[in-house]
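Keep the viewer open and follow along as the residues come up.

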Amino acid sequence: MRRPAIVLAVAALTATVLAGCGGENWAKKCTTIGTVVECTPAQRPQVKDVTGDLLDGGKYDVAQDRGKVVVVNFWGSWCAPCRAEADDLERTYQATKAKGVSFIGVNSRDDKDSAKAFERGRVTYPSIYDFEGKVALKFDVTQTSTPATLILDRQGRIAVAMRAATTYDQLQPLVEKIAAETAA
């Protein structure tokens with residue numbers, strides 16, 4: 001396949017992923033500003049059956065965090081923007097965990113030793129080891145780049161999708177906003 005054909009194939013795949021689950025373009029129903037998509041409770045797609053093996057052993061199931069706001073960050077040790085945002089993610093985690101907020105990382109395309117070395121001294125929340133990207137695909141419509149961050153509401157629905165690196169000043173107010181919501 002020639003290079004232009006490869007670029008077109010990747011663009012078509014990306015457009016399909018962005019189109020949403022079941023062909024529904026959820027992002028068009030939500031508010032998009034730059035790389036941040038925010039959805040009202042009625043517009044939020046439900047996350048189901050997301051499980052995976054943790055880097056440090058054990059298993060994770062998103063269902064165990066139902067009732068909490070869950071911040072999901074997609075990262076790789078090979079990703080310079082991931083390194084840049086790690087301190088901001090940890091700072092937001094520390095600032096919000098007492099408010100019923102949980103964080104989970106999803107590591108991709110890394111060997112386990114590199115992933116563990118990256119996390120050491122940077123973040124205290126766990127990460128799923130997802131070398132092949134199978135866990136990321138379970139989030140369906142949102143995980144289109146690395147880094148990316150999702151904020152799930154207390155019902156396990158995607159409230160916010162951030163399709164680029166984030167900062168404390170950007171992430172923390174969004175997490176606080178979702179954490180302050182009453183059940184809808």
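## Charges, rings and a cavity

Asp65 is buried, with a relative accessibility of 6%. Before going further, please keep in mind that this is a predicted model. The partner of Asp65 is Lys68: the two form a salt bridge whose closest N and O atoms are 3.9 Å apart. Lys68 counts as partly exposed, at 36% relative accessibility, whereas Asp65 falls in the buried class.

### Salt bridges

How many salt bridges does the structure hold? There are eight, and the table sets out three of them.

| Pair | N to O distance | Relative accessibility |
|---|---|---|
| Lys177 and Glu38 | 2.8 Å | Lys177 48%, Glu38 23% |
| Lys68 and Asp65 | 3.9 Å | Lys68 36%, Asp65 6% |
| Asp153 and Arg157 | 2.8 Å | Asp153 2%, Arg157 12% |

Take the bridge between Lys177 and Glu38, where the side chains meet at 2.8 Å from N to O. Lys177 belongs to helix H6 (residues 168–179) and Glu38 to strand S2 (residues 36–38), so this contact ties together parts that are 139 residues apart in sequence. Both ends are partly exposed: Lys177 has a relative accessible area of 48%, and Glu38 has one of 23%.

The bridge between Asp153 and Arg157 also has an N to O distance of 2.8 Å. Here Asp153 is buried at 2% relative accessible area, and Arg157 is buried as well, at 12%.

### Aromatic pairs

Now for the rings. The structure holds five aromatic pairs. One of them joins Trp75 and Phe118: the ring centres are 4.6 Å apart and the planes lie at 20°, so the pair counts as stacked. This pair links distant parts of the chain, with Trp75 in strand S5 and Phe118 in helix H4, 43 residues apart. Trp75 is buried, with a relative accessible area of 4%, and Phe118 is buried too, at 7%.

Tyr93 and Tyr125 make an edge-to-face pair, with 5.5 Å from centre to centre and 70° between the planes. Tyr93 sits in helix H3, and Tyr125 in the loop between H4 and strand S7 (127–129), which puts the two 32 residues apart. Are Tyr93 and Tyr125 buried or exposed? Both are buried. Together with Phe103, they form one aromatic cluster.

Two arginines also meet aromatic rings. The charged end of Arg122 sits over the ring of Phe118, 4.4 Å from its centre, so Phe118, itself buried at 7%, has Arg122 over its ring besides its stacked partner Trp75. In the other case, the charged end of Arg91 lies over the ring of Tyr168, at 3.7 Å from the ring centre.

### The cavity

Which element gives the most to the lining of the largest cavity? That is H3, with three residues. By class, the lining has seven nonpolar, three polar and one charged residues.

### Around Trp75

One last stop concerns Ser145, which is found in the loop between helix H5 (134–138) and strand S8 (148–152). Ser145 is partly exposed, with a relative accessible area of 24%, whereas Trp75 is buried at 4%. The C-alpha atoms of Ser145 and Trp75 are separated by 9.2 Å, although the residues are 70 apart along the chain.

How values were computed. Residues numbered from 1 in each chain as written. Predicted model: local features only at pLDDT ≥ 70, side-chain atom pairs only at ≥ 80, totals over all residues. Heavy atoms only, no water. Helix = DSSP H or I, 4+ residues; strand = E, 2+ residues; numbered from the N terminus. Nonpolar A, V, L, I, M, F, W, Y, C, P; charged D, E, K, R; others polar. Salt bridge = Lys/Arg side-chain N within 4 Å of Asp/Glu carboxyl O. Buried < 20%, exposed > 50% of the residue type's maximum accessible area, 1.4 Å probe, protein only. Phe/Tyr/Trp six-rings, centres within 6.5 Å; stacked < 30°, edge-to-face > 60°. Lys NZ or Arg CZ within 6 Å of the ring centre and 35° of its normal.
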